[in-house]
Amino acid sequence: MSSKEDIQLQEYLEGFLTDARKERMHSVLAQRTRYIACVLEDLFDPLNGSAVIRHCDALGIQEVHAIENKHRFKSDSGVDMGTAQWLDMNIYRSDHSIPRTIKAQRRAANESADGKAPAIPTRTPEVLSGNLR
């Protein structure tokens, strides 16, 4: 879908919402951040992945990066309760270039539309978590 089609679809769907609901959705989305990301590596237990997803959603962290080495990243839908659908989930197979890839993506996401660095620091932190087994 092109961005024009996305905008048309959004406008169409917004016609089904009350003004109060639209205002609430915009308010919640405005509080999300891309200035911090969560990076998980090789989680064994799906319950841990689900707990992290729910915490990221609750804290307003938009991006979750999961790196798979020995174990596939899985979440338990009974624990994450559908919150993953509201986050940007990025799953990678093990590769030494992944940290550089994540940094490049985050740097691009944090630049303003005119290509200039934002007023806040561009060195954005990542929350790292590994296998707890």
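The accessible surface of the protein chain in this predicted model comes to about 9400 Å², and 54% of that area belongs to carbon and sulfur atoms. Of the 133 residues in the chain, 25% are buried. Among the contacts between residues at least 6 apart in sequence, 82% join residues that are at least 24 apart.

**Architecture**

The protein chain has 5 helices and 4 strands, and from the N terminus on these elements follow the order α-α-β-α-β-α-β-α-β. Strands β1 and β2 run parallel and are joined by 6 bridges, and within this pairing E41 stands opposite I67 of β2. Together with α3, these two strands make a β-α-β unit, which is right-handed.

Strand β2 covers residues 61-68 and contains E63. With a relative accessible area of 5%, E63 is buried, and the side chain of this glutamate makes a polar contact of 3.0 Å with the side chain of H65.

D42 is placed in the loop between β1 (33-41) and α3 (46-59), while M81 is found in the loop between α4 (77-80) and β3 (88-93).

Are D42 and M81 buried or exposed? D42 counts as buried because its relative accessibility, 11%, falls under the 20% limit, whereas M81 counts as exposed because its relative accessible area, 58%, is over the 50% limit.

A further loop residue, L17, lies between α1 (3-14) and α2 (19-30). L17 has a relative accessible area of 32% and is therefore partly exposed, since this value falls between the limits of 20% and 50%. When residues up to four places away in sequence are not counted, L17 touches K22 and M25.

**Cysteines**

How many disulfides does the model contain? The count comes to 0. A disulfide is a covalent bond between the sulfur atoms of two cysteines, and the cut-off applied here requires the two sulfur atoms to be within 2.5 Å. The cysteine sulfur closest to that of C38 belongs to C56 and is 4.0 Å away, so the pair is too far apart for a bond.

**Relative accessibility of the residues discussed**

The table collects the values for the individual residues treated above.

| Residue | Relative accessible area | Class |
|---|---|---|
| E63 | 5% | buried |
| D42 | 11% | buried |
| L17 | 32% | partly exposed |
| M81 | 58% | exposed |

Definitions and conventions
Residues are numbered from 1 along each chain as its sequence is written. This is a predicted model: local features need pLDDT of at least 70, side-chain atom pairs count only at pLDDT 80 or more; totals for chains, interfaces and linings use all residues. Side-chain values use heavy atoms; hydrogens and water are left out. Buried means under 20% relative accessible area, exposed over 50%, partly exposed in between (1.4 Å probe, protein chains only). Contact means heavy atoms within 4.5 Å. Accessible areas come from the Shrake-Rupley method with a 1.4 Å probe; for residues, only the protein chains shown count as cover. A polar contact is a pair of N or O atoms within 3.5 Å; within protein, one must be able to donate a hydrogen and the other to accept it, and residues adjacent in sequence count only if both atoms are side-chain atoms. Two strands pair if DSSP finds at least two bridges between them. A crossover is right-handed if, with the strands pointing away from the viewer, the path from the first strand over the helix to the second runs clockwise.
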